[in-house]
Structure formats: C-alpha cells, structure tokens
There are 2 protein chains.
Amino acid sequence: MGRRSDHTRGELEVLFVTEGRRLLAEVGVTRFSAREVAKKVGYSIGTLYNVFGSLDGLMLAMNARTLTLWAEHLRARLEEAGKGDRLAALVRGYFEFAADHPKAWVAIFENQMVDAGPAPEWYQTHVADIMGIVVEEVARVLPAASPPAVLSLTRSLVATVHGHCIFTLYRAFDMLGETAPIYVAMERVREAVAAAGRSVQQGPLTPLTK
Amino acid sequence: MGRRSDHTRGELEVLFVTEGRRLLAEVGVTRFSAREVAKKVGYSIGTLYNVFGSLDGLMLAMNARTLTLWAEHLRARLEEAGKGDRLAALVRGYFEFAADHPKAWVAIFENQMVDAGPAPEWYQTHVADIMGIVVEEVARVLPAASPPAVLSLTRSLVATVHGHCIFTLYRAFDMLGETAPIYVAMERVREAVAAAGRSVQQGPLTPLTK
DNA sequence: CCTTAAATTGAACAGTGCTCAAAATACTTA
DNA sequence: TAAGTATTTTGAGCACTGTTCAATTTAAGG
C-alpha cells in the first residue's frame, strides 16, 4: 500500500511525538515548529500533517505523552511513600515533575485555550488517569466522605497545588519573599483535608457545593 | 520635528494599547497580530515597532493596562464590601475580572514565559500594586502577624485562588463534578487564614518557611 | 526658503501553519 | 513477471506572522 517500508503508522506517531517533545523541551511552546520536528524526524511536513491533522493535533499527542510520564512519576512517588504521608508524596511529585519538565508541563495548560472546545475523549482519558490517582488517595484519607465530596475536594486540592506550582515556575510575585512553595502548598492541603474531615464526622456545617 | 500633527507619542501608545486590547479580547493571545493592530489604529507596523520595540513590548503594555483595570475592579469590590468580608470581596473580584475579560486575563500569565527574564520595573510596579491590595487586607485580618508572615500567606492565598480560577476558566477537570469554584476557593482561604491566626496567637507550631 | 532633525513608512526577509496535486511506493491481481 | 490499483509521501505554494531599516514624509528653526 505504499507506506515506506521502514516505519508503520504507529511507529511514525511515536517518532514525531518523541522528537517533538525533545524540541518542545528545548525551545518551549511559543517557538515550537512543526516543520522543525518533521525535519529532525526525517519526514516531510506533509506526512506530519497526514498523521496529526494539525499542529494542535501534534501538541495534543505530545501533551498526552507528558501526562503519561507525569502519572508514572506520581505513582513512583506513591510507591516510595508506602504507608507514610501519601498526599505529601503527591504534592512533591506535582512540583518535581513541573520543575523537571517545565516547558512540557506548561504546554499542557497553555494549549488549553479559553474558547477551545473540549479535548477529544482519548485525551481526557489521560487526564482522568492522573486525577484518579489523586482521588484514590483523598478517598483513602477521608474514608467516611461521600464520593462526590471526595471528587470536589480533590479538584480543589489539585487547583491549590497547581496555583502554587505555576507561580513558582513563572516566578510570579517573587517580590513577596522567598518561601518554600512545596511546603506551603502542603500546608494548604493539610488544612483543607482537616476541615473536610471535621465536616464529615459532625455533618457539614457549610456544604461543599453551593 | 516630523511627528504627525494629530498625535503625540503618549497618545500613540494609548491608541495602540487600546486597539490592541480590543483585538486581544476578540481573538485571544495566540491569534493576536501586531499588523492587525497597526491597521486598525491607522498607522504602519513600523510605527508600532518604533513605539514598543517588539510584540512582547506591546503585549507588556497591554497587560499593564489589564492589571490596572483589574486593580480598579478589586478596589471597587472592596469599597462595596465596607466593613464586611473584605477577603471574600477580593476572591470574588479575582474570579469576576477573569470571567469578564478571559482572553486579556490569561494573556497576563501565558506571556510570562518559563525562561524569560524578569519583567521591567515599570511593569512590576503594576503587579506590586495589585499584590499590595491583597497584602493590606490580609494584614487587616491578622493584625498580630509579622509582615513577612503576611507576605508569605498572601502569596499562598493568591496562588490558591489563582489555581481555582484558572481551572474554572480552562474548564479543566470538569469531570470531577460541577462545583461552585468561588465558594470553594473562599473556603480554602478561610481555612488558611484561620490556621495562620492560630499559629500567630499561640506561636507557630510549624514555621511557614522551611 | 532652505536646512535639519525627527517621525513614519512599507517593501523585503526569514519564518510560520497548512493544503493538495503530483510523485513515489507497496500490495494485488493476471 | 508485468500491469493495475491503492495508499503514502512529498514539497512547492498560499496566506500569514514578527521584525528590520533605507527611504520618505513631515515639522520646526534660522
């Protein structure tokens, strides 16, 4: 059927994503170039567009790979933590991965445009996988909490950690003094979990959803 | 001296920034075009580059204007709050402004690149102004806290609210259920302030900086 | 009016994402 | 093996981008 003998379609995808992520890590999302990726892989731009449809398509595939690596990192940190403070391990894993792959990490979020439609289902699967890791640990810490409450709290905890993480990476508001952001984020998480624990055992004074 | 009689340099800056922000609000940061701005204002690209030096220069000027409007919005909300819950007013103001000017708001943060140097001082002034608003209110709620503790807590509170705000705007993790993000963010802020209040009155059990 | 200095211009350059007729390749059938 | 068919692969071409800078236009001074 005319495919070049040396690579199947699936191998091609991997090639483009791998080399694309290498370039992304070098130059960042703004100076990223599909042409450059194609050149490094040794195929033409046309082939890249046949495989991914658009730059956004390639970006999505690369971000999915990043999400997979991120999930692996989190699971590894959890394994290390064992029966210790597993939530702290997750927070540390969040920060560590962002610090180790800053350009790839911000690409995940910067690509999410404000008015872009929802991501395709296969991509949302990757997101759900990572969130599932956190949900599981939050549920473990709050065994008496209802599943919706666990989901809501998880979302809030991730948002909290994300805010601290992104401010650290962007060096925003450094004028407010050099604090240990991981430690501070963990404090916020502990407080939120403690508050949720109280409202679970004595009935919610203030409901989590308004 | 050869300036076109109808506009001084300062007026030109305002013209470009105003029209630029209009375009930004329409098309967002990714499809923004300096040429388009110049065309709408009625000057050539060359003039735009004489005034701002680069696209980043124009972007910075536009973001500075956004920060000013944001600060005005926050102060207005504070005035409304009077002696009520002023921190809640700030959280509401944070979310409201982001929701009302989504494209301009994300531009403030997306433009902050990972490896870009620090912003020029005149720009940092605008950032410091907004942070000053929050610092003042945090200090008001925790009169016994030391200034460094107030700064550190402020940074953490803003990061927390920012995380919830950006997740809402990006519709990230919507699969975890539809919660009221403003309310949840306010819960996190209340918990953090309460915890800080406790550690102030009975001496910090765990120091804020590690 | 002529000189001088500043402001304004826009063609030109190197790059981008993206398309799609044509070429190259492989598989199938005779 | 040769011809025919189906599928990849290609890359010039299009419309755009940010950026530069010699040339032009404009205004002020003498």
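Among the contacts in chain A that join residues at least 6 apart in sequence, 71% link residues at least 24 apart, where a contact means heavy atoms within 4.5 Å. This is a predicted model, in which local features need pLDDT of at least 70 and side-chain atom pairs count only at pLDDT 80 or more, while totals for chains, interfaces and linings use all residues. Residues are numbered from 1 along each chain as its sequence is written, chains are lettered from A in the order in which they are written, and side-chain values use heavy atoms, with hydrogens and water left out.

Chain A has nine helices and zero strands, these being DSSP runs numbered from the N terminus, with at least four residues of H or I for a helix and at least two of E for a strand. Its C-alpha atoms fill a box of roughly 70 × 40 × 35 Å along the principal axes, and of its 210 residues 49% are buried, that is, under 20% relative accessible area with a 1.4 Å probe and protein chains only.

The same surface serves both copies, since 98% of the contact residues of chain A recur in chain B.

Leaving aside residues up to four places away in sequence, Trp70(A) touches Gly93(A), Tyr94(A), Phe97(A), Trp105(A), Ile108(A), Phe109(A) and Ile130(A).

In chain B, Asn63(B) lies in helix H4, residues 55-81, and counts as buried because its relative accessibility is 1%. With residues up to four places away in sequence again left out, Asn63(B) touches Ala104(B), Ala107(B), Ile108(B), Asn111(B) and Tyr123(B).

How values were computed. Buried means under 20% relative accessible area, exposed over 50%, partly exposed in between (1.4 Å probe, protein chains only).
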